[in-house]
Every structure is written in structure tokens, then in C-alpha cells.
Amino acid sequence: MAVLLNLIFFLPPVLAAAMLRLPPERRNYTAVAGVGILTLFAVMLFFLPFEVRFAFPEALHLLFWAADIAVIGFFAYAGLRHRSMPVLLLALAQMALYLGVAGSAPAEKTADIVLNETARYMFLIINGVGGAIIIYALHYIQSEAVQQRRKNGFIALLFFFVGVMNMIVAANSIELFFLLFELTTLCSYLLIKFRQDAQSVENAKRALWMNQLGGLAILAAMAASLTAYETIYFDTLLSRANGAAWLLPLAFLALAAFVKAALIPFNSWLLGAMVAPTPVSAILHSATMVKIAPFLILKISGGFDATLSFLVALVGSFVFMTASLFALSKDYFKEVLGYSTIGLLGLMIALAAIADPLAHKAALFLICFHAVAKGALFLQAGILEKHYGVKYISQIRGLADRNPLFVAMIALAFGALTLPPFGVFLGKFMAIELFSQQMQSHPLFSVVLLFSVLGSVVLTLLYFRLLSNFYAKSAQSAGEGTAVDKRYFFPAAGLLAVLLAGAVLSFGTLGITQVLLPLLLLGTAGALVLLFRAKHIDRTKTYHCGEKEQAVLANSYFDFESRYMKRAQVLALVLMAAIVAGGWYV
Amino acid sequence: MFEIIFVLSAPLLGGMLQGIERQLRARMQNRMGPPLLQPFYDMFKLIEKRPMIVDEAHTVFAIMHFLTLWAVVAMLVLGDNLLYVIFLHLLATIFLVIAGYSVKSVYSHLGANRELWVLAVYEPVLILFAVAFYLLEGSFSLQSIYSGQAHLFALLPLFAAMVLVALIKLGKSPFDAAHAHQEIIGGVEIEYGGVFYEFLYMAKWVEYIFIYTLFWLFAGSNLLLGIVLLAGVFVLLNLIDNATARIKISDLLKVGLIWGVGLAFINIVGLLYV
């Protein structure tokens, strides 16, 4: 089993190296086969009946140490080269703190790698969804106007990213976690910078320094953990903490998670990542990067005391509501998806912060199904851009006439994010019950509940308001009447199929009727729309009250973002500062 | 057994209710009003008319809206999970919204847009309504609510918020902007005709049953209180409908969010401290 485990860590980097060397045709076959094998491994590991723990040999630790120095050194170099003061300063601060902390690590060693149930779920997501996105990227990247060498590099980077993610979800040592956290920062920096125009470089720099802040928080957590609890291992730290007090290391780790999840006020890095090719957004939002945040909270929330747990949940639910509201003011399709990701990450974090097995299960549901749904939606956004030349919601108008199947797929993905019996719905459903439960012992949780309820309603509004544009009039865009390329279509359709099949998982929580009834209704609607042809019924034109001018349909926009963003950022920052400050004094 | 008959005859009962309602409103205005069975006479008229459709998908979504609402009432009356029932009701509304969007009609789109905006007002109240019962009964199980004690007096602010929701959902003045006939000529309804319009009509009847059953929950197992309560709400809603003029959709959103969600939330926080 350890062999299988090591393969899931080390096969992706090997594949990445292969991507760099192989000619395009063979590169594609290798990539598809590689994704298949990785997904198979993930499924096999998922059914592993016991927990695996082991330590890496000493030589590898040396390598990790060197890699840490190299990554931080590279960040410093990037700061110099692109003249970014924050990047450079944060790199220097990280270097100083890292050298200080790494030198004083205790001799006591436990397992570097712990493979528990949460990690197994994450493996499925990372390799399954990440894999589908890589396959999609194989074709997508060929249409970018860059050298073949850089296209191969792009695919290689995606594989490397998947490998790093596989290891980060199993890491038990905070030091190793730090290295992998920095590597994900590095990957996202390089991916966002891929197009190398001024905007891309600017946004990549911002993503870099914000995530460096997260790295710095992890180092601070490590230092605090060393001084107060003499350990750099998650499991030892948690067993010594045991929910007794508000722990400074945990507060710092929570801060790192907030940055990684791009929660307001750190939202600009994830939204800035939209300048990169669409597969980058797809993979950042679904299988990798931001999912580290709720995962990390899940890992450490066992050590939270009631107040810390409440504060983290408050930050999460507050961001859930505000990010959903801000999404209402956006016209750029990917930006709308981006804000809704930030919002749902907030909800995941709010759930993960509650140390309760049911809350963990709900958070995992959300993590998994959000990954699949968002992955599918971003792949569809990519099809819109590449095939139809459409980026903005207001340009989408009338697409339903030209490709009803494609629009139905988008509708289904939105449905899977809101309606019973799908996974994301189930997560929200359980969230409301769990927050209600928490309220009884901790009345302030009522605020968390209110934020979550409002956030989830606003998201529903957002998705279906967006959908209206597909049916509205006056489309003026390319790609008229042609079928979407199969190499784009299949990864997106595949993810959607997983999403639908995922409804099976709700059987444990919902009753049989509760699962089957909405499926039956949705299925009937779908079947009738496809099959029902009323040949003998007369047709009529729509009614326009006798107006000759044909009105162009438009959405209403609510500009919450420019009015409330500052205030929301300050409020969220104050809450986050309170979390760290509380750890310091309590 | 009684429940099953009630569920199966829900559209009929809703139609009867509408008949009584039209009489009551007429009496309030010193009119005679149409006969009690007028909704059914209208139904036969619609069925006999020559059917016309805009397109198939549009028609299918209206039928699905009706069927889903009926299923919602079934789950509500047969005693499923209250929170789940409210989310299933969301599915029914979404079918209506998609129906509105699926044709190229300005008024239909306006109606669907407004349907979504008012959703943002009443859906939080409905969820908080479920949460209030969770706090009182310890679960979302409708069975225990039906057999439990009456909670009306612990939930008075929420009751007021639910009156607001009922006005919105049943399209009563002053909160009927979502399907205002004089403004947007019925909104989503506009593009339906003949027997297919009848499905939207019946959906409205089932919506009546849904809303009034939610009010029934306030009375728990107290049959007498339940009957008095429903009769009171019935008269109250029609009185408000008769006595007020429609407000703009933007004002509806403000009033709904501040008073509806506000009262419901205050009630819930109050429950935690009492």
C-alpha cells in the first residue's frame, strides 16, 4: 500500500517531466493515460480500510529543506525582477523566519504522512477533477499563441500542481505543509503569469505576495507551536491542544487558510487569476489551491475552543454572504463564478470550523461537489470563450437558440449547486441544521446562520438570473450553429455526469423519497423537453402589447461591490485580526 | 388516510378556497361576487379553448411547476422534513422562473426576474421559519410538529413575517408586484393559453394549500386553534389585499428584507434566550 501511496505522490512529477519532453501527439496519449492511472489510484486508496502513517527518510528531509530555500529564493528573485516590494520583503521575512524555525526543530519525529479519511476524499477530487481539467487543457492550450515548448510546460505545471496537492492533503508535519503550500503558491504564480502580458504579470505578482502572506502565517504558526508545544506535527499539536484554549498556532494556520481561500479582503488575487487561460481558473477553483483552505480548517478544527470556532465560522459565513452579493454586480462570467467560489469557500470554512463529525461530513460534501460543479462550469466558460467568443454575460444573449444542449448543461450545473438532492444542496441543508444546533449552546451562532441563509438565497438568485441571458435576444457572436469540439465537450460532460451520480451519496443523509422525488421531477422535465413534440398544437408568437420596437432584454444590476467592498474588507480584516490577537492573549 | 385524500384533492381544495376568497373579497367591496365554483367554470372554459403554445419547453416547465408544487404539498402534509419541503418548494419556483425565461417575451422575462427578486425576500423567512420549529421541537420533523403543542404565542413576530410571505406568494396587494397584471400583464403567465394556462392556474391553487398548511403548523396538534387561525389568516390576507395599493418592486424588497427577515430573525434570537 505504501507503494501505491508513494506513486500518487511521485507519479505526477514524473508525468510532468514527460510532458516537457514528448512530441504533442504522444504527449496527449501519455497525459490521458496518466490521468487514468492517477484516478484509479485515488479510487483504490479511497477504499483502503485503515489509516496509513509513515515518515520519509532523512535524505528526503534534506531535499525538502533545500527545496524550501530554493522556493523562497525564487520568490525573492521574482520580487527583484518584477520590482515588487511586497514580494521581495515577504520573501526575505519568510527566509529569516524559516531559517530560524528550521534550525530549532526538535529531534522528536513522528509520521510525516498520515493518510486519513479526509485525505482520501481529497485524493478523489484532486486526481479526478484535476485530471479532467488537464485533459481539457491538452486541446485548449494548443490554441494559445505561444511556442510549443511553453504549451508543454503549461501541461507539465498542471501535473506538478496535482502532485503537490496530493502530498499536501496527507502532510502531517507543518514544515512539510509549509513547503507544499509555497509550491502551490509558486505553481499558481507561474500559471497566472502564463500569457506574460502586463496584466498577467501584475495579477500574478498580487497572487504571489498575498499567498506569501499565507506562507508567513504558517511559519509563524510553526514558531508558535515550537515554543509553546515543542512540536511541528499536526497530530501532536492537536493532541496537546485538545480544545482547551485558544491556540496561537491554530489561529495563525486559520489565517493562512483565509488567504488561500481568497476570502475578502484577500479576494483580489483569485479574481485576478482570470487573466490566465481558462483551465488555470478551472483548476485553481475546483481541485487545487483554494481547496487547501477548508481542508486545513477541517484538519485543525479539532483543537479549536468554542470562541475560536465561532469566530472562524463568523468570518466564513460573513464572506459567504458578501461575496455572493458582490457577484450580483459582475458582468464578466468568470468573475461571477469567482465570487461565488469565494462565497462557497466561506461556507465550507464556517462548517469546517465546527468540531463535530456531521459538520465535517457536510464540509467534505461541499468541498467535493463544489469542486466538480465549479470545474464543469469553468470548462463551460472556456467553451464560451474559445468557441463562441463570449466573455461577458451581456454577450451571451440568445445562445439557447443555437446550442440548447450546451445551455441545458450550464443550467444543470447551476441546478446542482442549489437544488435537491445534489451534493452542494446537501451541504447547505446540513449547514442550516448544524448552525441551528450550535445556536442552542452558543446564541451568537444565530448570526452565522443568518449570513448563511441570506448567502445561499442570493447565490440561487445569482445563478438563475445569469441563466436568463442565454434566452434573451440579440446575440452577436461567432461560432454560429457549429457543434462544440468533442475534446472540449467530453471533460465538461464527464464532470457533469459525476455531479449527477453524486446524488447517490445523499442516501445516507436524506431519505429515499427525498432523493428520488426531485430526481424524478428533474428527469421528467428533461425527458419531456427533449422528447415532447406537439405537432398538432398551433403555435403563437409572443405578446408585446402591440409595441413595434422589439425590446432588448437585460438584467438588473445591483452595484454592491463598489459601495460596500471597503467596509466589508475592513470588517473581515478586523475579525481576522481578532482571531490572531485572541490567540496571543488568551 | 385523511392525509392522502387531502393531498390527492389539493388542487380541488385550492380551487374551492379561491372561490370562497372571491366571494369574500366581493362582500368586502359590497359586491355579490362570482359563484363559488367560478374557478372551476373558468377551468372548463380554458380546457375547451383551442390550445396554443409558444414552444414545447415553455409548456413543459409550467406543467412541471404544477407537479412539483403538488409533490411539495404531499411531502408537507404527509409529514416529511420541514426544511427539505422548503427547499423542494424552491425547485418548484425555479421551474416557473425557467419557464418565464425560456421564451423571448419581454413581459415573461420581467415576471421571471421579479419572481427571483421576491424569492430573495421570502426564502430566508421560510428557512428561518423552519429553524424556529427546529429550536422548539428539536428537529425539522413535521410529524413532531403536527403532534406537538401550539407554538403560536412563542412565534408571534415570525407569524407576522409569514403573513408578509403569504401576501407575496399568493400575489396579494400591496406585495403583488411579481405578477402585477396592470404593470407586466401577469409576468410569467402571459405566454400561456388554453389548457396549458390551466396548469399555472392550478399551481396557484396548490400554492394556496401550501401556504395555509404552513400557517397550520403554528397551531401544532390544537385543532380548534388551527381552524380559528386559518380562518383569521384567510380574512386578514383578503382584508389587506382589499385595503392597500400595490407598492413598487424595489420597495417590496426593502420592506420584505427589513420587516420579514428582521422579524423572523428577532424571533429566533428571542427563542434562544427565553
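B:Asn30 lies in the loop between α2 (10-28) and α3 (38-48) of chain B, where helices (H or I, at least four residues) and strands (E, at least two) are DSSP runs numbered from the N terminus. B:Asn30 is not a glycine, yet it has a positive phi of about 60°. The model is predicted, so local features need pLDDT of at least 70 and side-chain atom pairs count only at pLDDT 80 or more, while totals for chains, interfaces and linings use all residues. Residues are numbered from 1 along each chain as its sequence is written, chains are lettered from A and ligands numbered from 1 in the order in which they are written, and side-chain values use heavy atoms, with hydrogens and water left out.

**Backbone exceptions**

- Most residues other than glycine have a negative phi, and most peptide bonds are trans.
- In chain A, the residue A:Gln196, also not a glycine, has a positive phi near 60°; A:Gln196 sits in the loop between α7 (174-192) and α8 (198-229) of chain A.
- The peptide bond from A:Ile264 to A:Pro265 is cis, with omega near 15°, and A:Pro265 belongs to the loop between α10 (248-260) and α11 (267-272) of chain A.
- A cis peptide bond also joins B:Ser173 to B:Pro174, with omega near 0°; B:Pro174 is in the loop between α8 (156-169) and α9 (181-184) of chain B.

**The two chains**

- Chain A contains 23 helices and three strands, and its C-alpha atoms fill a box of roughly 85 × 60 × 50 Å along the principal axes.
- Chain B contains twelve helices and one strand, in the order α-α-α-β-α-α-α-α-α-α-α-α-α along the sequence.
- The C-alpha atoms of chain B fill a box of roughly 60 × 40 × 40 Å, taken along the principal axes.
- For the 274 residues of chain B, a compact globule would have a radius of gyration near 19 Å, and the 18 Å of chain B agrees.

**Interface between chain B and chain A**

- Contact (heavy atoms within 4.5 Å) involves 57 residues of chain B and 59 residues of chain A.
- The two chains bury about 5,500 Å² between them, 78% of it on carbon and sulfur atoms; buried area is the accessible area (1.4 Å probe) that two parts lose on being put together, summed over both.
- On the chain B side, B:Tyr84, B:Lys104 and B:Trp117 lose the most area to chain A, together 14% of what that side buries.
- Between the chains there are zero salt bridges, a salt bridge being a side-chain nitrogen of Lys or Arg within 4 Å of a carboxyl oxygen of Asp or Glu.
- Three residue pairs between chain B and chain A are in polar contact, both residues at pLDDT 80 or more. A polar contact is a pair of N or O atoms within 3.5 Å; within protein, one must be able to donate a hydrogen and the other to accept it, and residues adjacent in sequence count only if both atoms are side-chain atoms.
- Elements giving two or more residues to the side of chain B that touches chain A are β1 (52-53), α4 (56-77), α5 (82-101), α6 (106-137) and α12 (249-273) of chain B; α6(B) gives the most, with 15 residues.
- Strand β3 (residues 538-539) of chain A and β1(B) pair in the parallel sense over two bridges, and strands pair if DSSP finds at least two bridges between them.
- A:Arg539 stands opposite B:Ile53 in β1(B).

**Salt bridges overall**

- Over all chains, the count is twelve salt bridges.
- In one salt bridge, A:Lys330 and A:Glu561 have their closest N and O atoms 2.9 Å apart.
- This pair links distant parts of the chain, 231 residues apart: A:Lys330 is in the loop between α14 (306-327) and α15 (333-352) of chain A, and A:Glu561 is in helix α23 (residues 560-585) of chain A.

Conventions: The radius of gyration is taken over C-alpha atoms; the globule rule is 2.2 Å times the number of residues to the power 0.38.
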